Amino acid sequence: MANVYPFCLDMGSSELIAAPLRGVQTVVHLAWSGGFVGPVEKVSWNLQSEKLPQNIQILKNLIYAMERAGTPRIVFMSAIGASRHAKVSFLQEKYFAEFLILNSKIPEKIIIRSSVVCSGDVTSDRFLNSIADVMRFPMFYPVPRKKEGISPIHLEDIAATVVNVSVEPITD
């Protein structure tokens, strides 16, 4: 996809992340350890804690680096059912991530809460493959019960949504 460049870097340190972000307008955050299986560790809501879950610490590093580099927009893939009180650690962790993003100094924050993502086609596009890697799931996806039901969304539709929100002009 035009103007979308995947970065592979060590997100364990905000200093290592900040330099490649200079001049970047939008970060699409797809890095998430554990996928839908979620974290093994219990989610701690103490931001001052020495031991935050790995995904939360990585996101904290990214947010700090984006703030330092002046990157004005983040797009974050969350999940339907993300809640502080969810019974599944994955959904609690996604909610905590949303909380960090919404309370950051990044001017534009876009959070996409997708339902189950499906795809029947194998693709050679690196961006689509990056989204597919994040969206891998076990037999059952941990979504809350909904009266109206939840429909799956195709991988290419998610990618198109991410690209569309990423290329819109930055507003002041």
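Predicted model: local features only at pLDDT ≥ 70, side-chain atom pairs only at ≥ 80, totals over all residues.
**View 1. I74 and the step over to β3.** Stay with I74, whose bridge partner in β3 is K109. Here β2 and β3 run parallel too, with seven bridges between them.

**View 2. The three-stranded sheet.** Put together, the strands form an open sheet in the order β1-β2-β3, with parallel pairing. At the edges lie β1 (26–29) and β3 (108–114), each pairing on one side only. Neighbouring strands are turned against each other by 20° on average, direction ignored. Helix α5 (residues 155–167) packs on this sheet and touches β1, β2 and β3. The direction of α5 makes about 155° with that of β2.

**View 3. The two faces of β2.** In a regular strand, side chains alternate between the two faces of the sheet. For β2, one side carries R73, V75, M77 and A79, while I74, F76 and S78 sit on the other, and all of them are buried. That makes seven buried residues out of seven in β2.

View 4. F7 lies in the segment before α1 (14–21). Is F7 buried or exposed? F7 counts as exposed because its relative accessibility is 53%, and exposed means over 50%.

Definitions and conventions:
Residues numbered from 1 in each chain as written. Heavy atoms only, no water. Helix = DSSP H or I, 4+ residues; strand = E, 2+ residues; numbered from the N terminus. Buried < 20%, exposed > 50% of the residue type's maximum accessible area, 1.4 Å probe, protein only. Pairing = 2+ DSSP bridges. Axes fitted to C-alpha atoms, helices over the stretch in contact; angles between N-to-C directions. Contact = heavy atoms within 4.5 Å.
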